[in-house]
Amino acid sequence: RLKTELVNAAIVLDRACDSVVPLIEERKHHLARAYEHNSLWLDADPTRLEQVVVNLLSNAAKYTPSGGRIDLEARREGREIVIAVRDTGLGIRPERLVEMFELFAQGERSIARSEGGLGVGLTIARKLAEMHGGSVEAFSEGADRGSTFTVRLPAAAAPASVSASAVQSAALQRSLRMLVVDDNRDAADVLARLLRRDGHEVVVARDGHAALASARSTPPDVVLLDIGLPGMDGYEVAQRLRQEPQGRRTLILAVSGYGQEEDRRRALDAGFDLHLVKPLDFSLLRELLLKEGQKAPRE
């Protein structure tokens, strides 16, 4: 049975991405997302819809060689919401496209054994889509040419509470390149996951040297920098970042367990734009990033 409600599909897609992050990272894949957050409304069961997308993303991750790319896209087409999962994986032979959704069907038996499971993910995804009045289709140009699974669902009207100004505000915000620096693995991974859920590109570094190397390779828009790092502390990292040509314009936020006035002053003197205290207030951080995302891109 479905427990349907008016759902913003973008939020469901974000949660599905969060669910497969461990598998994506294990396989060293790159997951790219492309969808708006205020135009994908459905009358759907959010739990079951998330299950559909998780199954498709997991399937793509399992059958894509290490270091591959997976794209999750969604858009409104007329009266439908179209969700597509595209990968650079093993592909599907034309004669197998139809049977991919049959119970227990997988790729070659040797692959199926190595990956485990009974191959019911695609069957469940199609059944749940059909229960929502939609469909799932598979496409591939052949072996080793990647695959695309497309979900089509009936679109719903946006709720009255979604004002034009809210839509405009979301449209103005751009995805930010974020660098999270923290030697606490759990804290860094949780923060990165929350930031990715909001559509930002996030890189995690565990120490100062790794942070500087990452910033030089791909200059970030925003750095969330822990103060108490091993070896090179956050103050020195911030100072070195400011010495880099791109670092002079980067928004650098201190994240510290200490919030005395002296701590804040020292952070500002070291080159931080703002001093945030742990545990981090994510609502406050989101507001800061919204303002930063509405600025013109940094050159």
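1. Axes here are lines fitted to C-alpha atoms, for helices over the stretch in contact, and angles run from 0 to 180 degrees between N-to-C directions; helices (H or I, at least four residues) and strands (E, at least two) are DSSP runs, numbered from the N terminus. The model is predicted, with local features requiring pLDDT of at least 70 and side-chain atom pairs counting only at pLDDT 80 or more, while totals for chains, interfaces and linings use all residues. Residues are numbered from 1 along each chain as its sequence is written, and side-chain values use heavy atoms, with hydrogens and water left out.

2. The axes of helix α8 (residues 234-243) and helix α9 (residues 261-270) come within 8 Å and cross at roughly 30°, which makes α8 roughly parallel to α9 (angles under 35 degrees count as such). Tyr235, Ala238 and Gln239 of α8 make the contact with Asp263, Arg266, Ala267 and Ala270 of α9, contact meaning heavy atoms within 4.5 Å.

3. Five strands, in the order β9-β8-β10-β11-β12, form an open sheet with parallel pairing, two strands being paired if DSSP finds at least two bridges between them. Because β9 (201-205) and β12 (274-277) stand at the edges, each with a single partner strand, one side of each is left without a neighbour in the sheet. From one strand to the next the twist averages 20°.

4. Strand β8 (residues 177-181) is joined to β9 by five bridges, and the two run parallel; Met178 stands opposite Val202 in β9. Helix α6 (residues 185-197) packs on the sheet, touching β8, β9 and β10 (222-226), and its direction makes about 170° with that of β9.

Methods
Angles under 35 degrees count as roughly parallel, over 145 as roughly antiparallel, 65 to 115 as roughly perpendicular and the rest as oblique.
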